[in-house]
Each structure stands twice: as structure tokens, then as C-alpha cells.
Amino acid sequence: VANNVRTLATGKWLSIDGRVLYQGAVAASETYNTALVKLLERQGLHFEDRPSPDGRRPVREIAGVSAELNRRWSSRRSDIETRREQLTADFQRHHGRPPTVVESVKLAQQATLETRDAKHEPRSLAEQRAVWHAQAVEVLGGEGGLRTMIDRTLGRRVTQLERADADWFERSADRVITAMETRGATWQDGHLRAEAQRLIRRTDVRLEQVPAAVDLLVSMAT
């Protein structure tokens with residue numbers, strides 16, 4: 001999204017109000033995740049919950065893909081979290097108190113910058129696929145292990161998705177409210193929509209029906 005735009009009416013350069021985008025960032029991310037899951041399900045892939053290593057809500061992953069391989073390709077997130085915890089501990093030791101929400105965000109940003117790898121030379125799609133292939137073979141113990149995982153992933157039995165009927169919407173509206181109450185004393189429309197997306201992508205709702213289903217679930221929860 002362009003931060004600065006030139007208006008047609010006056011020719012002035014104006015900056016976008018980033019606060020609105022920031023408030024909707026999580027909901028936008030969950031909308032993307034739902035679309036990705038639905039599109040991959042159309043290709044015959046299936047998803048399952050896996051425990052999150054940091055104790056948060058379970059992570060929705062492609063069924064059959066090695067958890068060890070997922071960790072290998074998610075090492076960046078682990079590095080950031082480890083550094084964030086170190087920075088938080090240092091902050092508390094120096095200030096005698098835990099960081100505020102704003103300070104925690106800044107520490108997370110610092111951790112992200114400090115753990116960023118040096119950028120490699122540009123790669124073509126074929127070159128990047130070759131890198132991923134080599135990493136998968138390394139983690140899975142050879143070509144045989146990789147082939148076994150692919151066969152297991154593509155040959156899985158169809159996962160029974162939750163049926164999004166009237167009873168499901170009634171129950172899920174309560175689950176949305178419970179999630180909001182657990183989150184904190186206040187919340188906004190974006191938080192409701194993010195939670196609705198997380199629930200709906202577990203169901204048999206088709207991709208083209210998701211926006212209407214989200215609207216309905218949010219309206220029932222409010």
C-alpha cells in the first residue's frame with residue numbers, strides 16, 4: 001500500500017492514515033490464511049491442529065508434512081522469539097518492571113531487526129525450489145524420506161470438516177465472545193473478524209462463501 005499519494009482534486013501529496021491499517025492487520029492476516037487453506041483444500045490437501053511450541057493456540061498445518069521440516073523452515077520465528085525474551089528480561093532487570101504494551105512492541109521490532117539474516121543473492125523460482133529440496137532431503141534423511149512424506153501428505157484420507165449449519169453458528173458465536181473476553185477487557189471489530197476467520201476455515205464453508213459467513217458470525221457475536 002502506497003504510504004504517500006497525490007490527490008487528483010488538488011494535486012497535494014498526502015499520507016495514508018496508518019492507524020486504520022494497523023488496527024486491521026491481524027484480521028487481514030487471518031483472511032489471507034483462510035483463503036490459502038481453502039485453496040489448498042481444493043488441491044486435495046488436508047489440515048490438522050498441531051500444538052504450538054510456545055504454548056499458544058494450536059497451529060493449523062498441512063496434515064502429513066513433517067513437524068521437524070516445519071520447524072526447519074520456521075527457524076526465523078524461533079530466533080525472533082528467543083531474542084525477544086532476552087530483550088524483555090534485560091528490560092525488566094534494568095527498569096525493575098515488565099515492559100508496557102508499547103515497549104513490548106518496540107522490543108519485538110528490535111528482536112526482528114537484530115535476528116535478520118543477510119540477504120542472499122536473488123534466486124529464480126527453480127533455484128529456490130532446489131534450495132528447499134536440498135533442505136527437505138537433509139531433514140528427512142534422504143530422497144526416500146522425502147518421497148514417503150509426499151506420498152503420506154497427498155494420499156491421506158479426506159478430513160471431515162465441521163459442518164457450518166445453524167447450530168454451528170450459534171456455538172461459534174459464543175466461542176468468539178469467549179475468545180474476546182479471554183483476550184482482554186476491550187476489543188474491536190477487527191479482533192472479532194480475525195477470530196471468526198480462524199473458526200470458519202475449519203468448516204465446509206467454500207472460499208466464495210467466507211466473507212458472508214464472517215459477516216454473519218460477527219453479527220451474531222455482537
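Which residues of the largest nonpolar core touch the most other members? In this predicted model, I found that W168, V176, I200, V214 and L217 do so, in a core of 16 residues. I then asked where the members come from, and noted that α8 (166-183), α9 and α10 each supply at least two residues, while α10 gives the most, with six.

I took L217 as a test case and, leaving aside its neighbours within four places in sequence, listed its contacts as W168, F169, S172, A173, V176, A196, L199 and I200. Apart from this core I recorded another, of seven residues, including L69, V139, L140 and M149.

Next I turned to helix α2 (residues 25-42) and checked its length: at 1.5 Å a residue, its 18 residues should span 26 Å, and the end C-alpha atoms are 26 Å apart, which agrees. I listed its buried residues as A27, E30, T34, V37, K38 and E41. Seen down the axis of α2, these buried residues fall within an arc of 95 degrees, so they line one face of the helix. Among the elements that cover them I noted β3 (47-50), α9 (189-200) and α10. Just after α2, I saw that G44 takes a positive phi of about 95 degrees.

Last, I looked at confidence: the chain averages a pLDDT of 88, and 96% of the residues score at least 70.

Technical notes:
Residues numbered from 1 in each chain as written. Predicted model: local features only at pLDDT ≥ 70, side-chain atom pairs only at ≥ 80, totals over all residues. Heavy atoms only, no water. pLDDT = per-residue confidence, 0-100. Helix = DSSP H or I, 4+ residues; strand = E, 2+ residues; numbered from the N terminus. Expected span 1.5 Å × (residues − 1). Buried < 20%, exposed > 50% of the residue type's maximum accessible area, 1.4 Å probe, protein only. Arc of directions from axis to C-beta. Contact = heavy atoms within 4.5 Å. Core = buried A, V, L, I, M, F, W, Y, C linked by side-chain atoms within 4.5 Å.
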